[in-house]
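Open the model in your viewer and keep the selection tool ready. Each stop below gives a selection and what to find there.

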Amino acid sequence: MKNIRNFCIIAHIDHGKSTLADRLLQQTNTISDRDMMDQVLDDMDLEREKGITIKSHAIQINYKHADNKDYVLNLIDTPGHVDFSYEVSRALAACEGALLLVDATQGIQAQTISNLYLAIENDLEIIPVINKIDMDGAMIEEVEDQIVDLIGCKREDILHASGRTGLGVDKVLDAIVNRIPAPEGNEEAPLQALIFDSVFNSFRGIIVYYRILNGTIRKNDIVKFVSTDQQYGADEIGILKLKMTERKEVKAGDVGYIITGIKNAKEVKVGDTITLAANPTPEQIKGFEEVKPMVFAGIYPVNTDEFEELRDCMDKLQLNDASLTYELETSQALGFGFRCGFLGMLHMEIIQERLEREFDQTVITTVPNVSFIAHTTKGETVQVNNPTEFPDPVKTESIEEPFIKAQIITKPDYIGNIMTLCLGKRGLLINQSYLTPTRVELIFEMPLTEIVFDFYDKLKSQTRGYASFDYHPIGYRDSDIVKMDILLNGDKVDALSALIHRSRAQDFGRKLCEKLKELLPRQQFQIAIQAAVGAKVIARETISAMRKDVTAKCYGGDISRKRKLLEKQKEGKKRMRQIGNVEVPQEAFLAVLKLDD
Amino acid sequence: MSGIYIHIPFCKQACHYCNFHFSTSLRYKNELIAALLGEISLTKDFFPEAVKNAGAVETIYFGGGTPSLCTKEEIDAILSQISASFEVAAGAEITLEANPDDITEERLLQWKDSGITRLSIGIQSFFEEDLVWMNRAHNSSQAWNSLQLATKYFDNITIDLIYGTPGLTDDKWKQNVDRVISLGIPHISCYALTVEPKTPLQKMIREHKLADVDPDHQSAQFLLLMTWLADAGFEHYEISNFAKPGFRSRHNSSYWKGKPYFGFGPSAHSFDGESRWWNIANNTTYIRSIEQGAIPYEKEVLTPVQQVNEMIMISLRTLEGLDTSRLIQQIKGIAQDEILRMKQTILEESARYISNGLMVREGDWLRLTYEGKLLADGIAADLFFD
């Protein structure tokens, strides 16, 4: 056990985590150059493109140290986005140390800080590494100052590296062995293994990744998952090389996988404890939480007759993403679909893209909303995850909405812009502190719903990209929330209804009407677009009738081409939804996500 | 009864809006004409059934490109090859597209002598600035003079005009149309300027060097046109075609009636009622292939549904409109009850357009109104079957 090191890399998106991981694998010959694909750890296409790790993975590195001993280094990869902070915290709990990776050209970002705090809470040894030191615009000294201020280390403790060229990677490996403590634990004690991730494999079922704190797990053991109290046979266990490598046993301190034939990801909860049925551990590993969705939206098939197919795909998707929740929902505009709960906006985007790429489903996603709590005059409390569930205002005593604590780190130049943005989003400044003379942290309390739509993009544009952002929920507060409807030629489009603070309704309604005017194609008649709260119209736009839709020439050589063109046009129309007499393209249902000033 | 289309794929210069197949190099003209003759004679070997079923050739149409670039000898050679390979009906309509800059007294006499019965002159506009804008080969005075000259030798003349160009005011548009009316020209084709893919026009609009076309401006000019020409005694017998009684294009009308036609030359299309095939749109490949005794074509066999869709699309553009009962006689390869059901569906679906004032119905016939004609594509697409 004393030759094992378990570590992770804490970094902001684009700070080079995956590239550095690649170099560690290459330098130790864990992976041959031939097998080398850039950023091996991110094996979903989507991850590769978005440059973020969505699901954490782990890989074992065998490393011969300068002391001539062989070491096993388990690198546990962590997701780098606010939506997945719980998963991050569990991955951290499986480690003794962390590389704090900071881009020399960017400096420390909010996401890095919050994950760093999580790591410090978990008593991890922090090894600061400044990456991309070979880039133009590297501000090595300034970033060193930031790191020293932040974790109170010595300047000489900070390593310099370039994932791109491989510079300094040997020093990083040295430091992992020398500075990160070996795991502690008792191989003979009752089994206590922390689940930090799982993946779905269509042949093997769910593959669970764990870190053993105490005890030993052997092939064919009967194991028990503590929080679900389910028992399974350990059909296969092993360690995680570039591919899974089967072993007869995995012992305390090490990281491994287990295959039990579980088919549904819901049975496997990140943070749960695996123990042996015959000799269970008396205590669950602490820190386990049930993950709760923060953002809700409807997902509908583009063609109503593809609902069953979509249902199938949602089932399959949930098998490998237990944080996705959904239930059946119907919409007048969109037919049968699902009300889905997501960890956040990025998670929602990822689910939508995975449906498209992995399952070939084109879907319509409705206006996302957070979960509100309504108190009725009869004294009932209702959870509102959907505008259609919004109670009649006459019968409503009060509404509560979820608030978050938002942490923004930026340059002092942008404080004014951020204040304007956050106050405009009903934010309340709680604290402002200078981390370094050029780096200021602002803490706001804000309604979650205000960051659901376009907050990230606005924050980015208001600060020219020099702001990073993180948030944590801080509970529910009373609020004046109304339901705003959109009408097309007098017919309500339920899929475009939104729950919104009264003070924001008019502005939001006006923008939504304007956006819809852009997105709805002209039709053979005039279209009135209205936004209304109750019976009161608060915004209106008109689309005039189409004046011309006819090809000039239709002779012998034009007929086939023109027929194909019109067939395509018809196909496009079929993808539209009929609201009264108005045909609505699916982009229109996403209008609300694209609102800008 | 059938028609023959001859594609002459050469032009002196490229009009900015044109996406037809042509070359501005005349280097291979001789070879191409020889290949055309070859293709005509090969047709009976490649498409024996189609030739057998086509019956007599009622119309021949020289289009392009610029057929007026052909010499008299070339025209004569093509026509005699057609006569050798097909039965040409007495009194056949033989149209030749001519550019104003090619029209001289001598050429007019030659065309008459060759047996051309109808001239189609690409005027487009009488205004110099419009012609420059379009990159036409002719100028304003050639437009006017050639037309006057042509009327001395031909009664059956059609001219092309383009409207909806950014520089064409309603007043200029009226002047263009009035000039044609004043000369007693019996047929006019009027085209709304269309921005076709891969044309210089599209490129220039994309690069903001030219203003984009305005559909409202185009529809307004189309409505004006319909009124002016109706007042002048023209029948609006197809979306873009207007004729004095007796002067409709018999050739083009046969396209719209679903009659068979043979197209010769690169990119030319042929149709036998059920299949459509078209030659490769490349002069040298076309020439090489014909030299080796093969017609370089691609073919599609229309499903019954595609046949119905084409009939809807084409006939709604005509004055007579869509005769839904004709579906039953004309559509091939479909069960009787199925086609009756389709007919019923079309008639039912048309109700919303009738109530919108875009269509009128008389028995089994559906016709577009003035307003409906402006939206013909969308309406046809709506009525299409899957």
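Select Gly16(A): at 12% relative accessibility it counts as buried (buried is under 20% relative accessible area, exposed over 50%, partly exposed in between, with a 1.4 Å probe and protein chains only). This is a predicted model, where local features need pLDDT of at least 70, side-chain atom pairs count only at pLDDT 80 or more, and totals for chains, interfaces and linings use all residues. Residues are numbered from 1 along each chain as its sequence is written, chains are lettered from A and ligands numbered from 1 in the order in which they are written, and side-chain values use heavy atoms, with hydrogens and water left out.

Gly16(A) sits in the loop between strand 1 and helix 1 of chain A (DSSP runs numbered from the N terminus: helices are H or I, at least four residues; strands are E, at least two). Leaving aside neighbours within four places in sequence, Gly16(A) contacts Leu101(A), Asn131(A) and Lys132(A) (contact means heavy atoms within 4.5 Å).

Next, select Asp14(A). The loop between strand 1 (4-11) and helix 1 (17-27) of chain A holds Asp14(A) too. Asp14(A) is exposed, at 53% relative accessible area. Not counting residues up to four places away in sequence, Asp14(A) touches Asp103(A) and Lys132(A).

Now colour the annotated site. UniProt, in an unreviewed entry, places a "binding site" at residues including Asp14(A), Gly16(A), Asn131(A) and Lys132(A). Positions follow the numbering used here, feature names are shortened, and annotations may be inferred rather than shown by experiment.

Last stop: Cys11(B). Cys11(B) is buried, with a relative accessible area of 10%. The closest cysteine sulfur, in Cys18(B), is 6.4 Å from its own, too far for a bond (a disulfide is a pair of cysteine sulfur atoms within 2.5 Å). Over all chains, the count is 0 disulfides.
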